[in-house]
Amino acid sequence: MKEHGIISHLVRAMASEKDAALAATPPSSEYTPTIFDRIINKEIPSTVVYEDDKVLAFRDIAPQAPVHILIIPKVRDGLTGLSKAEERHFEILGRLLHTAKLVAKQEGLDDGFRIVINDGPKGCQSVYHIHVHLLGGRQMDWPPG
């Protein structure tokens, strides 16, 4: 991804998520880096709150709640979105949710939190590298959107 692409994504992240999702395109191949790949490789700074050999969790740059953390697998393995999940992804999908639980505890979200996985343009997905949003620190509304 070129520098222009990173800057443009950061600007979109600060704009409407719906607009960003509609403008986003899936990577052209498994090897096309996303902004999350750049964060994993420490090419773009982030505020990391949890990291192990499989996942990385960091604060969202445009938080939608007092606590808004993104949890991503370090290896995409074709998992650009939940709709692309295959049986081989069972372990990493479980790892993402378990990490969300650990980070929620670490962040003091004892009275509740929300997990969101956006998928595709109508699901408001703006980065095609599966990621879990951990939201908390306030009362969530229902329906969500």
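Is Phe-113 buried, partly exposed or exposed? I looked this up first. Phe-113 is partly exposed, because its relative accessible area is 39%. The cut-offs I used: buried is under 20% relative accessible area, exposed is over 50%, and partly exposed is in between, with a 1.4 Å probe and protein chains only.

**Ground rules**

I am working with a predicted model, in which local features need pLDDT of at least 70, side-chain atom pairs count only at pLDDT 80 or more, and totals for chains, interfaces and linings use all residues. Residues are numbered from 1 along each chain as its sequence is written, and side-chain values use heavy atoms, with hydrogens and water left out.

**Overall layout**

I noted 4 helices and 5 strands in the protein chain. Helices (H or I, at least four residues) and strands (E, at least two) are DSSP runs, numbered from the N terminus. Along the sequence I read the pattern α-α-α-β-β-β-α-β-β. The chain has 145 residues, and 41% of them are buried. I then looked at contacts, meaning heavy atoms within 4.5 Å. Of the contacts with a separation of 6 or more, 61% join residues 24 or more positions apart. The chain exposes about 8,400 Å², and carbon and sulfur atoms supply 56% of that area. Accessible areas come from the Shrake-Rupley method with a 1.4 Å probe; for residues, only the protein chains shown count as cover.

**Phe-113 and its patch**

I placed Phe-113 in strand S4, residues 113-116. Phe-113 also belongs to a nonpolar surface patch of about 390 Å², made with Leu-82, Leu-97, Ile-115 and Ile-117. Patches take residues with over 30% relative accessible area and no salt bridge; like charges are joined within 9 Å, and nonpolar side chains (Val, Leu, Ile, Met, Phe, Trp, Tyr) within 5 Å.

**Cores**

Next I turned to the inside. A nonpolar core is a set of buried Ala, Val, Leu, Ile, Met, Phe, Trp, Tyr and Cys residues joined through side-chain atoms within 4.5 Å. The largest one has 17 residues. Ala-57, Ile-69, Ile-71, Leu-96, Val-103 and Leu-134 have the most contacts inside it. Strand S2 (55-59), strand S3 (67-73), helix H4 (90-106) and strand S5 (132-136) each supply at least two residues of this core. H4 gives the most, with 6 residues. Another core, of 10 residues, lies apart from it and includes Ile-35, Ile-39, Ile-44 and Val-127.

I followed Leu-134 further. Leaving out residues up to four places away in sequence, Leu-134 touches several residues, among them Val-67, Ile-71, Ala-100, Leu-109 and Phe-113.

**Aromatic pair**

How many aromatic pairs does a search of the whole structure find? The search finds 1. The rings of Phe-36 and Phe-58 have centres 5.8 Å apart and planes at 70°, so I logged the pair as edge-to-face. Rings of Phe, Tyr and Trp (its six-membered ring) pair if their centres lie within 6.5 Å; planes under 30 degrees apart count as stacked, over 60 as edge-to-face and the rest as tilted. Phe-36 lies in helix H3 (residues 35-40) and Phe-58 in strand S2, so the pair ties together parts 22 residues apart in sequence. Phe-36 and Phe-58 are both buried.

**Salt bridges**

I counted 9 salt bridges. Each is a side-chain nitrogen of Lys or Arg within 4 Å of a carboxyl oxygen of Asp or Glu.

Glu-51 pairs with Lys-74, with the closest N and O atoms 2.8 Å apart. Glu-51 sits in strand S1 (residues 48-51) and Lys-74 in the loop between S3 and H4, 23 residues apart. Glu-51 is partly exposed at 38% relative accessibility. Lys-74 is partly exposed at 23%. Lys-42, Glu-51 and Lys-74 form a network of salt bridges.

Asp-53 pairs with Arg-95, with the closest N and O atoms 3.3 Å apart. Asp-53 lies in the loop between S1 and S2 and Arg-95 in helix H4, so the bridge ties together parts 42 residues apart in sequence. Asp-53 is exposed at 60%, whereas Arg-95 is partly exposed at 26%.

**Last entry: Asn-118**

Where does Asn-118 lie? I found Asn-118 in the loop between S4 and S5. Asn-118 counts as buried because its relative accessible area is 18%. Not counting residues up to four places away in sequence, Asn-118 touches Gly-123, Cys-124, Gln-125 and His-133.
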